[in-house]
Amino acid sequence: MKPIETTPPPMGYTPGEEEVSASGSFEQLRAWRGLLWSEWFAHSRLLLVFLGVWLVAVWTLPLFTHAGWILLLGALYALMAGPVYGGGDVLEGSEEFTFALPPTRGERYLSRLIIGLGSVLVLCAMNAVALGLDLPQVMAGLYVRAGIVKHVFILKTGLLAAFVFVLPVTVFALAFTISAVTHSRPIIVVSWFWAALAALGLLQLCFWYENLVWESLNGLFACPVLLVVSGAVLAWGYFAFREKEVGRFSAPLALPGYWWLWTILFALGLGLAIALISSLARHFPEIVRAG
């Protein structure tokens with residue numbers, strides 16, 4: 001009987017290699033789903049609170065003030081979400097336990113960034129849609145017809161809509177990165193303040209440049225600069241977080257050493273923030289008119 005000829009397997013071939021690769025991809029997908037779900041579960045209450053405030057603002061804000069104030073919700077959420085998503089483990093004292101889990105530091109950073117930045121963009125998009133469709137006034141139609149509140153049309157311009165997204169993203173990126181790379185609880189607690197101060201200062205510099213070059217505000221320089229800075233800061237934070245080691249356990253919040261120096265710096269920063277906000281407020285009518 002003639003023996004059956006068989007072709008030898010190629011070099012380096014492992015039986016079931018395709019199955020192993022498919023199984024590994026599935027397990028990696030499940031791991032990412034778990035990471036994203038854990039970040040959402042840990043911080044969803046903050047977003048749900050702001051969604052509740054958003055609903056209340058859309059329904060009742062036109063009764064008391066200009067509906068344009070809804071735009072501040074995105075910036076306020078970015079101020080709170082940056083430190084919470086970036087430094088939540090340090091604030092809770094569980095950073096050592098988190099780093100001991102199988103996911104790498106890079107995966108941790110990216111999962112927090114996806115959920116945190118994604119929620120900021122969702123809230124900002126809701127604000128833009130609400131104002132773009134004049135939703136507060138539509139919801140308050142009953143009060144308008146009753147003569148309780150006067151109908152006010154919101155000026156819709158590309159520049160104002162751009163800043164609705166760009167400024168909160170910049171604030172979140174700065175606060176998130178500062179909180180992610182530090183071991184200090186006091187720095188995380190005040191990171192929102194310094195992030196807002198840096199974003200406002202950068203925006204003011206961009207406005208000065210636009211006035212110098214174009215003699216008007218058009219956002220052609222400010223928006224790209226803010227986005228580039230945000231991306232660069234987040235990229236630097238990713239590589240810094242990958243090399244981050246577990247810091248010593250932080251005791252409950254207490255006055256740091258040289259507290260008087262920190263108090264002076266905070267007071268100077270607060271004065272600078274007030275000056276920047278006043279200066280930017282003077283530019284607001286020009287931003288609204290720009291298109």
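1. A disulfide is taken here as a pair of cysteine sulfur atoms within 2.5 Å, and by this rule the model contains zero disulfides. The structure is a predicted model, in which local features need pLDDT of at least 70 and side-chain atom pairs count only at pLDDT 80 or more, while totals for chains, interfaces and linings use all residues. Residues are numbered from 1 along each chain as its sequence is written, and side-chain values use heavy atoms, with hydrogens and water left out.

2. The cysteine sulfur closest to that of C206 belongs to C223 and lies 8.9 Å away, which is too far for a bond. C206 counts as buried because its relative accessibility is 2%, where buried means under 20% relative accessible area, with a 1.4 Å probe and protein chains only. C223, which is likewise in no disulfide, also counts as buried, at 10% relative accessibility.

3. Helix α2 (residues 72–92) and helix α8 (residues 185–214) have axes that come within 9 Å and cross at roughly 165°, so α2 is roughly antiparallel to α8, a term that applies to angles over 145 degrees. Helices are DSSP runs (H or I, at least four residues) numbered from the N terminus, and the axes are lines fitted to C-alpha atoms over the stretch in contact, with angles running from 0 to 180 degrees between N-to-C directions.

4. Where the two helices are in contact (heavy atoms within 4.5 Å), residues of α2 including L79, P83 and G87 meet residues of α8 including R185, I188 and W192. By class, this contact of α2 with α8 has eight nonpolar, two polar and two charged residues, with Gly counted among the polar ones.

Notes: Angles under 35 degrees count as roughly parallel, over 145 as roughly antiparallel, 65 to 115 as roughly perpendicular and the rest as oblique. Buried means under 20% relative accessible area, exposed over 50%, partly exposed in between (1.4 Å probe, protein chains only).
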